[in-house]
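Here are my notes for a first look at this one. Have the model open while you read.

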Amino acid sequence: MTTDQKELKVELRGETEVVVTRYFAAPRQLVFDCFTKPELMRRWLTGPEGWTVEKIENDLRVGGKYLYVFADSNGNKGGVYGKFLEVIVPEKVANNENYAMDMATFDPDGPENPDATVESRTFTTEGNLTLMTHVCKYASAEVRKAELGAAEGWVELCKVLDKLLLELV
């Protein structure tokens, strides 16, 4: 594998989409598991710099809910939650994505944001590699602009995931 294949590529589509692609040197099923099984996600999905993942709940089925809670060393907590919109094991998972900025008042059964980001991750086998294609559809061009920095955060997370995949292969 060349270094270019492991490079995270970010493409802007139209005014509201971001497409992130990245190859991983592992079988598709294993990469899919690392993105969907809480026990594996905890080993690489750390959240923003200085934060750690505190809780991961995944009801991996269409209509099933998920919740990821992140915490920093000062006791601040935030969460990402939503529903799975499409699940095709081990090929694709799609979900809406909402943010909970104050976990003290967070209601997991409360209303979801109708303008929530919709994202999908597709996993494709290419030789001995798995290509992940992550598509984020934002409610507006302004929301996309505000969220673009998150794509850069994936660079370091993918390196941590690479190390985990090496352990598991």
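1. Start at Leu161, which touches Phe24, Cys34, Phe35 and Trp44, leaving aside residues up to four places away in sequence (a contact means heavy atoms within 4.5 Å). A quick caveat: this is a predicted model, where local features need pLDDT of at least 70, side-chain atom pairs count only at pLDDT 80 or more, and totals for chains, interfaces and linings use all residues. Numbering runs from 1 along each chain as its sequence is written, and side-chain values use heavy atoms, without hydrogens and water.

2. Leu161 is also among the residues with the most contacts inside the largest nonpolar core, along with Phe24, Phe35, Trp44 and Leu165. That core has 34 residues; a nonpolar core is a set of buried Ala, Val, Leu, Ile, Met, Phe, Trp, Tyr and Cys residues joined through side-chain atoms within 4.5 Å. Buried means under 20% relative accessible area, exposed over 50%, partly exposed in between (1.4 Å probe, protein chains only). H3 gives the most to this core, with 7 residues.

3. Now for H3 itself, residues 141-168 (helices are DSSP runs of H or I, at least four residues, and strands runs of E, at least two, numbered from the N terminus). Its buried residues include Arg144, Trp154 and Asp162, and the buried set packs against S1, S2, H1, H2 and S8.

4. Elsewhere, Ser120 sits in strand S7 (residues 117-126). Ser120 counts as buried because its relative accessibility is 13%. Among its contacts are Lys92, Thr133 and His134.

Terms used. Expected span 1.5 Å × (residues − 1).
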